[in-house]
Amino acid sequence: MINIKTETRATAAPEPVSSANAFSFISRGWREVRDSADADLKLMKNRADSFKNLATSFDREIENFINSASAFSVPAIKSSPPAEIDFVKRLQPKISEIRRAYSSPDFSRKVLEKWSPRTRIRIDLSAIKNAIVADAEERDGGLGFRGWERVRRGRGLRLKEFWGEWKEESEEGQKEWEPIRALKTRLQRRSSSSDIFEGFKNSEFVEKVKSSLKAICREPQESKDVPPLDVPELLAYLVRQSGPFLDQLGFKTDICDKIVESLCSKRKNQLLLRSLSAGESSFLDSDNTNDELDLRIASVLQSTGHCYEGGFWPDSAKHNLSDGKRNVAIVTTASLPWMTGTAVNPLFRAAYLASYAKQNVTLLVPWLCKKDQELVYPNSLTFSSPEEQEVYIRNWLEERVGFKADFKISFYPGKFSKSRRSIIPAGDTSQFIPSRDADIAILEEPEHLNWYHHGKRWTDKFNHVVGVVHTNYLEYIKREKNGALQAFFVKHINNWVARAYCHKVLRLSAATQDLPKSVICNVHGVNPKFLKIGEKLAEERELGQRAFSKGAYFLGKMVWAKGYRELIDLLSKHKNDLDGFNLDVFGNGEDAHEVQTAAKRLHLNLNFMKGRDHADDSLHGYKVFINPSVSDVLCTATAEALAMGKFVICADHPSNEFFSSYPNCLTYKTSDDFVAKVKEALANEPQPLTPEQRYNLSWEAATQRFMEYSDLDRVLNNKDDAQLSKSYGKLITRSVSMPTLSGMVDGGLAFAHYCLTGNELLRLCTGAIPGTRDYDKQHCRDLHLLPPQVENPIYGW
C-alpha cells in the first residue's frame with residue numbers, strides 16, 4: 001500500500017476525482033520506468049562490447065608477455081629443460097582457451113543472457129488504483145486532474161523511492177545484478193580500456209609472476225651454491241664443539257675462543273657476505289666470532305637441506321616430558337620373520353613395557369633390502385615396504401600375547417653379513433629416534449649394535465641407556481679360524497663399547513663375558529602361548545589322559561654353533577648305550593647339509609625335519625627336549641619346553657643356571673651322565689609346574705626383574721626429576737664442565753671409537769661390511785630417507 005500525502009490550498013476549488021485519471025497517471029509513470037530499463041539494457045550492451053575489446057587487448061598483452069619471456073637468456077642445462085620453459089608451455093594452452101572464449105562473436109550475447117535482468121514486474125495496478133481513489137475520496141471530494149499533477153510534481157521523489165524499493169527487491173531475487181553493479185562501478189572509475197589494462201599490469205599477481213620468472217632465469221652468478229666449509233672453518237668448529245673436552249685437558253675457554261677467532265678471521269667477512277642473504281646480513285655487525293661461525297654453518301646446512309639431529313657431541317637439552325610420560329626406545333639387531341632370540345624377545349619386552357601407563361615405547365628394528373631378505377627370512381618370505389613388515393610383526397605378536405600392544409615400530413637401515421651370520425646396522429642408528437623422544441634407550445645386544453657405530457653417543461642423546469647381552473660371541477668366534485686371536489680382540493672391543501655407550505648392562509647369564517657396569521639377571525620370559533599349552537597338558541594328565549605320546553626331540557637353527565656339534569658327538573660316542581633311541585631334529589640353517597651328512601656317515605638315529613614354530617601342534621606330544629648347546633646365553637627353546645611341562649636335558653652350564661631349579665630340568669656334567677639323564681626322562685613322567693614356577697617363566701615376571709635390575713623402575717619413578725621437568729621443560733643433565741674421572745675416561749673412549757669408525761679402511765680391516773658407515777640408495781628409497789651426503793654435509797664423519 002502506498003500512502004500519498006496531498007496538500008490543499010484555500011483558494012483552489014476541489015476537482016472531482018475519477019478512476020480513469022488515476023489510471024492515466026499510473027500508466028504514464030510505468031512508461032517512464034520502461035524507458036529507463038531500456039536505456040539500462042543498452043548501456044549494459046555497450047559495456048559488454050567494451051569488455052570484449054578489453055579481452056582482445058589482454059590477449060595481445062599476453063602474447064607480448066610470452067614473446068618477452070622466450071627472449072630471456074637461459075643458461076645451458078645438461079640434465080633437463082629449464083623450469084621456466086615448462087611454465088610457459090603449460091601457460092600457452094590456457095591462453096589459447098582464453099583467446100577463443102573472449103573472441104567468440106556470441107560472447108556479448110552470452111554475457112547479456114547471463115547477466116541481463118530477468119525480473120518480472122508483478123505490480124497489481126488495480127490495487128494501487130483503488131487505494132489512491134479511496135484515499136482521495138476520503139478527503140472531501142478528492143483532487144482533480146490538476147491536483148493529481150500537483151501531487152505528481154510535489155511527490156516525484158516519493159515515486160522514485162518507490163521505484164528504488166522495487167529495484168532492491170528485484171536484486172535480492174536475482175543475484176546476477178550484483179556482478180553487473182560491481183562491474184559498472186569499476187568501469188565508471190576508468191576512463192578507458194588502456195587504464196584498466198594498466199592497472200592489471202601493475203597488479204600483485206603480475207609482479208609475482210615476473211619475480212618468479214626472474215628467479216628461474218637468473219644468471220649463473222646469482223645461482224651459485226653456498227661455498228663449502230674450508231679446512232680452517234672445520235677446525236674452528238671442531239675446536240669450539242670440543243670445548244668441554246679441552247677444558248678437562250687444561251685448555252681455558254678464552255684460549256679456545258682465540259683459536260677459533262684466528263682460524264675464522266681470514267675469510268670470515270668474504271664468505272659470510274657471499275653465503276648469507278640480505279636479510280641475514282645484519283648479523284655481520286656483531287663482533288662475536290662464535291655467532292658468525294654459527295651463521296656460516298647454518299648457511300651451509302640450509303643450502304643442502306640438512307635436517308640431521310645426530311652427531312657426536314652431547315645436547316644440553318634432552319627429552320621433554322610434555323605429556324607427563326617417559327619415552328622408552330628398544331633397539332634390536334633382528335626382526336621377524338627371522339625366528340631368532342634378538343627378534344622375538346625384544347618384541348615381547350616392548351609389548352609388556354607398553355602395558356604400563358608410565359611410558360611410551362618405540363621398538364626400532366633393522367630393515368633389510370629385498371636381496372638380504374631372501375637370505376635371512378624363511379620360506380622365501382619378503383616385504384616390499386616397512387609398513388607391510390610391521391603388519392606382519394603386529395599380527396604375529398597379537399596371536400601370542402592375546403592383547404593389542406600399544407607401541408610404535410620403527411626401522412633403521414641394516415645389511416646382512418654372511419660371514420658373521422648377523423645383521424649389521426648401516427649408518428647412525430641413533431638418528432632414527434627423534435631427539436624429542438630420546439629419554440631411555442634399551443640396546444638389545446649393545447656390543448653388536450656399537451661395533452661399527454659411527455654417530456651420536458647413546459649416553460649423550462639419552463638420559464638412561466641399558467644394554468641387554470643376548471649372545472656369547474666369544475664362544476662363536478673361538479670356533480672359527482684363528483678364533484683365539486679374534487676372540488681376544490673382540491673381548492676388549494666389547495668392553496670398550498659397553499663402557500662408552502651404556503649406563504647399565506644386563507647379562508642374561510654368566511655365560512657371557514664380564515662387561516663393565518654389568519649385572520646378571522634373566523630378564524626374558526616365555527611366550528604366553530607355551531604356558532597355556534602346559535596348563536592344557538596338565539589338565540589332561542589330571543583327567544587320566546596320556547599327555548605325551550612321543551619321545552625326544554631337538555629344535556634349533558641348524559648351524560654347528562647351536563649345539564649340533566655337541567649332539568652328534570654325544571650320540572656317536574654312546575651309540576651302543578642308547579641303542580634304539582631315536583631323536584627327531586627340527587631346524588633350518590646354513591649348515592643343514594653338513595650336519596645331515598655327518599649324521600648319516602656316523603649312522604645316527606636322527607630324523608631331520610624342517611624347522612617350525614615351537615608352539616606347533618605337532619610338537620605338543622613330545623615328552624623330552626634335548627639341548628646340549630653350550631654356546632647359548634639363555635636358550636629360549638629350553639624355557640619354552642619347561643613352560644609346556646616337558647623334561648629338559650641340558651648341560652650343567654652357566655647358561656642353564658636359571659632353569660636348574662626346576663624339577664623337570666635334568667642337567668648333566670659328563671657324557672655318561674647324559675646317557676643316564678636320557679634314560680631317566682624316558683622312563684618317568686614330568687612333574688606339573690607350580691603357580692610360582694609358572695609365573696617366574698612369564699613375561700610379567702621378566703618385566704618386573706628388568707625394571708628392578710636395570711634401574712628403570714627408579715628412573716621412571718624419580719619424582720624429583722619429574723617435578724623439575726615440569727618446571728624447566730627438560731631433565732637436569734649431568735654437568736659437562738665437572739665430570740667424574742670415570743666419565744672422562746668413558747668420554748675419551750667414545751671419542752676414540754667415533755674417530756676410528758669414521759675411517760673406512762679401519763672398518764674393512766675389522767670385518768665391517770663395505771659401505772655400512774652410511775646407508776645406501778636402496779635404503780633411501782625403501783625408508784624415504786635423505787641421501788647421506790645431505791645428512792652429513794660438512795665432512796664424512
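How much space lies in the second largest cavity? I got about 100 Å³. I was working on a predicted model, where local features need pLDDT of at least 70, side-chain atom pairs count only at pLDDT 80 or more, and totals for chains, interfaces and linings use all residues. Residues are numbered from 1 along each chain as its sequence is written, and side-chain values use heavy atoms, with hydrogens and water left out.

**Cavities.** I found 8 cavities of 30 Å³ or more in the structure. A cavity here is a set of points on a 1 Å grid over the protein atoms alone where a 1.4 Å probe fits but cannot get out, and lining residues have an atom within 4 Å of a point. Volume is the space filled by probe spheres set on the points, which are joined across faces, edges and corners. For the second largest cavity I listed 13 lining residues, with Gly 534, Ala 538, Met 644, Gly 645 and Pro 688 nearest its centre.

**Aromatics.** My search of the whole structure gave 18 aromatic pairs. Rings of Phe, Tyr and Trp (its six-membered ring) pair if their centres lie within 6.5 Å; planes under 30 degrees apart are stacked, over 60 edge-to-face, the rest tilted. I looked up Phe 554 and Phe 625: their ring centres are 6.3 Å apart and the planes are at 35°, so this pair is tilted. Both Phe 554 and Phe 625 are buried (under 20% relative accessible area, 1.4 Å probe, protein chains only). I also noted one aromatic cluster, formed by Tyr 553, Phe 554, Tyr 564, Phe 586, Tyr 622 and Phe 625.

Terms used:
Buried < 20%, exposed > 50% of the residue type's maximum accessible area, 1.4 Å probe, protein only. 1 Å grid on protein atoms, 1.4 Å probe; cavity = no way out; pocket = protein on both sides within 12 Å on 5 of 7 lines; lining within 4 Å.
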